[in-house]
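Please keep the viewer open as you read.

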Amino acid sequence: MSEIQGLGGGGVGVEGSTVELDEVVVSSNTRGIEVWDDLGGASSDLKIHRGLVARNQGVGVLVSGSKATFDEVVVRETVSGEHGSGRGISIQQDHDTGAVSDVDISRSLVAANHEVGVFVI
């Protein structure tokens with residue numbers, strides 16, 4: 001199992017790329033995982049299988065104008081912080097490009113996050 005933890009910035013950032021994470025722990029970072037389309041309009045595609053996203057600040061996972069698939073993923077104990085209010089998974093349209101997000105969550109657990117488990121706007 002890979003671990004990404006204790007970073008002062010984001011644990012994982014994906015912009016305009018395709019990324020697959022398998023058996024990964026992303027914990028205790030200023031932000032957990034952030035997935036955006038790039039300013040040129042290229043969408044990102046993130047797939048996580050068997051992951052743990054825990055005790056991050058602001059947001060556990062942010063998906064903005066991109067695609068994400070969560071299979072057997074636990075997102076828990078996200079706390080409020082300087083960069084957000086403690087959302088487990090935040091799914092939104094990209095404000096600059098207008099691209100919408102497409103997210104699939106299956107066989108996963110979202111629990112004990114400060115503000116809300118899954119937020120869609």
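Asp 71 counts as buried, because its relative accessibility is 13% and the cut-off for that label is under 20%. Before going on, please keep in mind that the model is a predicted one. Asp 71 sits in strand β7, which covers residues 67–76. What does its side chain meet there? The side chain of Asp 71 makes a polar contact with the side chain of Ser 106, at 3.3 Å. If you set aside residues up to four places away in sequence, Asp 71 touches Ile 48, His 49 and Arg 50, and also Ser 106, Arg 107 and Ser 108.

Ile 48 belongs to strand β5. With a relative accessible area of 3%, Ile 48 is under the 20% cut-off and therefore buried. Leaving aside neighbours within four places in sequence, the contacts of Ile 48 include Leu 21, Val 24 and Ile 33, together with Thr 69, Phe 70, Asp 71 and Val 73. Take Val 73 as an example: 25 residues separate it from Ile 48 in sequence, while their C-alpha atoms are 7.1 Å apart in space.

In soluble globular proteins, nonpolar side chains tend to be buried together. Which residues have the most contacts inside the largest nonpolar core here? They are Ile 33, Leu 46, Ile 48, Val 61, Phe 70 and Val 75, in a core of 18 residues. The elements giving two or more residues to this core are β2, β3, β4 (31–36), β5, β6, β7 and β8. Of these, β7 gives the most, with four residues. Phe 70 shows how such a residue is surrounded: not counting residues up to four places away in sequence, Phe 70 touches Ile 48, Val 61 and Val 63, as well as Val 103, Asp 104, Ile 105, Ser 106 and Ser 108.

Now let's turn to the strands themselves. Strands of a sheet pair through backbone hydrogen bonds, either parallel or antiparallel. In this model, five strands make an open sheet with parallel pairing, in the order β2-β4-β6-β8-β11. Its edge strands are β2 (10–15) and β11 (116–120), each of which pairs on one side only. From one strand to the next, the twist averages 5°. Within the sheet, β6 (residues 59–64) and β8 (residues 87–92) run parallel and are joined by five bridges. To find one of the pairings in your viewer, look for Ser 64, whose bridge partner in β8 is Gln 92.

Other pairings involve β3, which spans residues 18–27. Strand β1 (residues 2–5) runs parallel to β3, with four bridges between them, and Ile 4 stands opposite Val 26 in β3. β3 also pairs in the parallel sense with β5 (residues 45–54), over nine bridges. Here Thr 18 stands opposite Asp 45 in β5.

A last stop is Val 14, found in strand β2. Is Val 14 buried or exposed? Val 14 is buried, because its relative accessible area is 2%, and the cut-off is under 20%. Not counting residues up to four places away in sequence, Val 14 touches Val 19, Glu 34, Val 35, Trp 36 and Ser 44. Along the chain, Val 14 and Ser 66 are 52 residues apart, with 9.7 Å between their C-alpha atoms.

Key: Residues are numbered from 1 along each chain as its sequence is written. This is a predicted model: local features need pLDDT of at least 70, side-chain atom pairs count only at pLDDT 80 or more; totals for chains, interfaces and linings use all residues. Side-chain values use heavy atoms; hydrogens and water are left out. Two strands pair if DSSP finds at least two bridges between them. Axes are lines fitted to C-alpha atoms, for helices over the stretch in contact, and angles run from 0 to 180 degrees between N-to-C directions. Buried means under 20% relative accessible area, exposed over 50%, partly exposed in between (1.4 Å probe, protein chains only). A polar contact is a pair of N or O atoms within 3.5 Å; within protein, one must be able to donate a hydrogen and the other to accept it, and residues adjacent in sequence count only if both atoms are side-chain atoms. Contact means heavy atoms within 4.5 Å. A nonpolar core is a set of buried Ala, Val, Leu, Ile, Met, Phe, Trp, Tyr and Cys residues joined through side-chain atoms within 4.5 Å.
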